[in-house]
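This report goes through selected parts of the structure shown below. Please keep the sequence and the model at hand while reading.

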Amino acid sequence: MKCPAQIVWSILGALLGLHTSLASAERPGDGGETGPSSCGIVPVNLRCEYGLDPSGIDVRDPRLSWELRAATGSNRGLRQTAYRIMIAGSREMLERGAGDLCDSGVVKSDETLGIAYAGRPLASGQRCWWRVKVWDQEGRESGWSAPASWTMGLMEPGDWSGRWIGAPEAGFAAPLLRKEWKLREKPVRATAYFCGLGYGELYLNGKKVGDHALDPGFTDYAKRVLYAAHDVGGQLVAGTNAVGIILGNGWYWMPTPDVWDFQNASWRGFPRAILQLDVEYGDGTRESLVTDGSWKWAVGPVAFNCLRGGETIDLRAPPSGWERPGFDDASWRGATVLPAPGGRMVAQRHPPIRAVREIPAVKLTQPRPGVFVYDFGEHISGWPRYNKRQGQGLKVTLSCNEKLGRDGTVDMGELSEYTFGRYQTDIMVGRAGTTYEPRFTLHGFRFVQLESSQRAPSGDPVTDVALGDVTGIEVRSDLPSAGGFATSDENLNAVYRLLLRAALANLAGMGTDCPSREKLGWTYDGFVAMQAAANDCDVGLLCAKWLDDMRDAQEPCGNLPRIVPTGGWGKLKADGSMGRNDPWWGISIVRAPWFLYLRQGDRRALEAAYPAMKRYVDFLSGTAKDGLLHWQLGDWLAQSADPVGYYEATHSRAPVALVSTAAWFYAASILSRVAEALGETADAKRFRELAEQIRDNFNRHFIDLSGRLMVERDQTAPALALALGLAPERYRQTVLRQLVTAIADRGGHMATGIVGTRFLHDALSENGRADLAVGTLTAEGFPGYLHLLRRGATAVWEDWAGRQAWNHAGLASPACWLYEVLAGIRPDPAAPGFKRVIVKPAPVAKPEWVKAWHQSPRGRVAVRRETAGGRVSLSVTVPPNCTAEVHVPAIDIGDITEGGKPVCDRADVRFLRQEGQAIVLETDSGDYQFSALIPGESKP
């Protein structure tokens with residue numbers, strides 16, 4: 001964006017109540033400032049740094065984006081040829097036509113994503129209002145968009161005037177902190193900048209600020225600490241106001257030890273909070289309330305809280321009204337001023353964790369007297385709410401987990417083997433008329449066991465328990481909906497839902513492996529969760545946050561721990577040895593930026609991550625021996641091809657060196673493309689040559705002279721060789737036969753682990769066997785997804801046999817394939833952010849139809865493919881300002897119609913090439929209806 005000298009005229013125009021722009025002579029059209037209605041496109045969904053009207057932007061040159069929609073019914077061939085952005089310090093000034101912060105003038109460009117602010121320097125806390133107008137392919141000018149806004153965060157450490165405060169004496173309880181503050185009048189604007197570690201909730205005049213849960217997001221607190229900015233003007237009043245804070249332990253002050261040593265993390269400390277509440281009065285004067293030693297604290301009703309362990313809450317005598325004005329806090333103690341956590345303060349921009357759904361119990365059993373078990377019918381990431389209005393002083397224990405023991409009670413030993421002490425247990429000591437819901441814990445569960453201290457007059461355990469007494473609350477990252485998928489095959493639809501539920505349950509401020517046992521940011525597992533959910537939800541901001549986490553965790557040598565953030569587990573040992581790592585987990589630091597770039601067009605994130613990506617690939621190269629990597633997991637949790645029983649040991653026949661070397665090759669290949677996209681030609685050449693060298697070494701060690709992989713009866717090895725391009729072209733059919741045979745040996749079932757599963761279906765579909773890929777997803781029996789569904793699974797299990805977690809992201813990766821290959825919607829790497837869409841549905845007879853849509857950063861993309869009567873129909877929607885490469889199953893262009901007419905007669909559809917048994921066409925924006933004779937079918 002340019003900020004021309006004409007801005008001076010805009011300011012003068014605002015003072016006169018007029019609007020002037022010297023850019024008008026440059027406009028491609030001759031419309032006035034309101035714009036003629038004949039323009040074919042209108043700008044909508046204005047976003048700043050991915051977000052709609054975001055607060056707390058601490059980027060000095062935030063990026064602005066918008067979508068385009070058709071102004072009338074016709075949507076074909078719509079393009080933007082120019083835009084003009086106006087930015088002002090108030091909505092009133094913007095509406096008067098004065099861009100006092102920036103007026104770009106007319107910029108001849110078709111870009112709608114990531115346009116960097118280049119106006120007057122922005123100050124901390126400043127609110128900016130902006131709008132945009134565009135010109136279409138005919139040079140016609142649109143009207144101005146509806147106004148949008150963003151608010152800057154606190155840009156420099158010196159902008160924080162508050163101190164970190166806490167209550168070390170509280171132990172593992174949740175302390176309450178409060179202060180009252182007098183305002184001379186109701187402010188016209190107020191912003192609260194707040195962070196509570198591990199977790200914090202802010203209250204104003206008795207009401208919680210916002211609806212975030214488990215806030216702020218988990219980071220390495222010694223490197224980066226996230227704060228939230230909240231508009232709180234509506235909660236403040238003239239006169240006395242009460243400000244309250246509740247602090248939870250979270251990852252910052254983990255009460256229970258674990259094998260990953262988070263109890264000894266370098267950042268570990270007592271919970272603490274910092275607040276700066278800035279208000280502005282009508283006359284322009286300002287004042288602030290900040291945290292300091294004048295605040296007071298007391299232990300609240302939460303006597304214990306642990307992310308893994310649960311909460312204990314005593315509601316018998318809470319300090320009622322502590323968060324309201326006039327509360328008597330004379331007995332409360334003075335807060336302790338504590339050191340800062342050490343990490344730089346950064347605005348939290350990823351979607352917050354929220355309670356997104358209430359789930360009623362579907363079944364209630366009593367396996368023994370006084371013990372009641374609620375079954376919610378699905379696996380949940382969240383917590384239970386106890387709704388019973390019980391008597392004073394009664395104790396209720398709620399134990400949460402995924403499985404039942406043989407006696408019908410909840411098995412609390414299951415999945416708790418890596419954490420020590422209390423596990424997923426919430427305890428309430430009741431007060432009549434109250435409802436209990438935890439706030440600083442997270443459980444993975446399907447079953448909740450209730451035990452009460454209440455006794456009948458006879459002394460027997462109480463039986464007054466009802467199905468509605470406990471409700472399941474789903475808690476996860478509240479990601480914007482961005483897609484939908486369905487087919488004519490209900491089994492395939494059920495598999496997709498299974499995969500998606502596991503993915504979403506494992507997105508909680510980062511990608512995790514499971515919400516039950518560990519709740520950790522295992523990098524491969526978490527990246528699978530993001531990929532699996534990315535077509536159905538907008539994961540862009542969450543992925544950007546997690547990418548920052550990975551960069552924080554990377555060691556100077558380039559090593560990336562398998563867990564991010566980590567308290568130290570996974571870093572190189574003191575003697576420099578590898579420790580507990582694996583390259584497939586580590587290359588997430590290479591895959592995630594490229595993934596973000598392809599889907600969001602985020603070049604800035606790619607540039608920022610590029611040095612870390614190079615360090616990691618160079619680190620891998622430094623650990624190689626004989627041209628191979630030999631560490632550590634292989635295809636983790638693959639199903640053994642040498643069964644010794646139904647629950648045989650899980651391992652892959654593919655050697656660790658084969659699987660790990662494939663990761664190294666994949667990372668080098670991606671990095672060569674990244675370097676090319678960034679114009680780093682020397683690096684592009686270096687990493688391309690590295691990838692070729694790795695491929696040669698791979699083939700020398702693992703492919704014999706006949707072209708066969710020297711690994712038999714295994715699905716992972718051929719899947720990686722084919723999908724990643726390791727197998728030489730002359731041997732691909734040989735390797736494909738090995739893969740097909742390995743699947744047949746398992747009765748048509750897939751038996752890959754969490755690495756191989758991601759690439760199995762790509763390997764098949766890219767080599768003409770998409771039908772077999774579908775077959776593996778819908779095969780009845782063990783192992784497979786329908787096997788899980790038939791056994792009552794509602795999310796993907798960690799392993800096929802179900803020995804471990806029952807809500808895990810590792811095997812959820814086929815959700816990507818279903819959207820991007822079966823339905824056929826994917827971004828073109830040459831035009832990222834869906835500027836150019838590749839529409840290539842898999843040419844399969846079953847399912848008879850498949851449809852999907854995705855809300856890309858540039859607008860809605862939709863596809864429906866249907867086969868009937870020897871023909872295939874393909875409906876495609878391409879958003880304005882985009883093009884599509886459409887693969888129509890046909891071998892003769894004369895067999896294709898669009899809108900009922902021969903496609904050769906359509907000027908807005910262009911022939912590109914023939915690719916196998918498909919004709920590849922190019923379209924501009926719009927809705928298209930293709931129909932073609934299926935290859936091999938006879939013409940009527």
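## Strand 16 and its partners

In this predicted model, strand 16 and strand 17 (residues 286–290) run antiparallel and are joined by five bridges. Within this pairing, Gln276 stands opposite Val290 of strand 17. The two strands form a hairpin with five residues between them, and Gly284 takes a positive phi near 90° there.

Strand 16 also pairs with strand 11 (residues 189–197), in the antiparallel sense and over nine bridges. Ala190 has Val279 of strand 16 as its bridge partner. A further antiparallel pairing links strand 9 (residues 165–166) to strand 16 through two bridges; here Ile165 stands opposite Ala273 of strand 16. Strand 16 spans residues 272–280, and eight of its nine residues are buried, so the strand is largely enclosed by the rest of the structure.

Another part of the chain to look at is an open sheet of seven strands, with antiparallel pairing and the order 31-34-35-36-42-38-39. Its edge strands are strand 31 (483–487) and strand 39 (901–902), each of which pairs on one side only.

Strand 36 covers residues 871–878 and strand 42 covers residues 926–933; eight bridges connect them in the antiparallel sense.

## Phe687 in helix 10

Which helix holds Phe687? Phe687 lies in helix 10, which runs over residues 681–702. The relative accessible area of Phe687 is 0%, so this residue counts as buried, the cut-off being under 20%.

Leaving aside residues up to four places away in sequence, Phe687 touches Lys614, Val617, Asp618, Ala668, Leu671 and Ser672. Asp799 is 112 residues from Phe687 along the chain, and the C-alpha atoms of these two residues are separated by 35 Å.

## Confidence in the model

The protein chain has a mean pLDDT of 91, and 93% of its residues reach 70 or more. Two segments are to be treated separately. Over residues 1–36, pLDDT stays under 50, and the model has 81 contacts beyond four places in sequence for this segment. Over residues 643–649, pLDDT also stays under 50, with 14 contacts beyond four places in sequence.

Where pLDDT is low, the predicted coordinates should not be read in detail.

Notes: Residues are numbered from 1 along each chain as its sequence is written. This is a predicted model: local features need pLDDT of at least 70, side-chain atom pairs count only at pLDDT 80 or more; totals for chains, interfaces and linings use all residues. Side-chain values use heavy atoms; hydrogens and water are left out. pLDDT is the predictor's confidence in each residue, from 0 to 100. Contact means heavy atoms within 4.5 Å. Helices (H or I, at least four residues) and strands (E, at least two) are DSSP runs, numbered from the N terminus. Buried means under 20% relative accessible area, exposed over 50%, partly exposed in between (1.4 Å probe, protein chains only). Two strands pair if DSSP finds at least two bridges between them.
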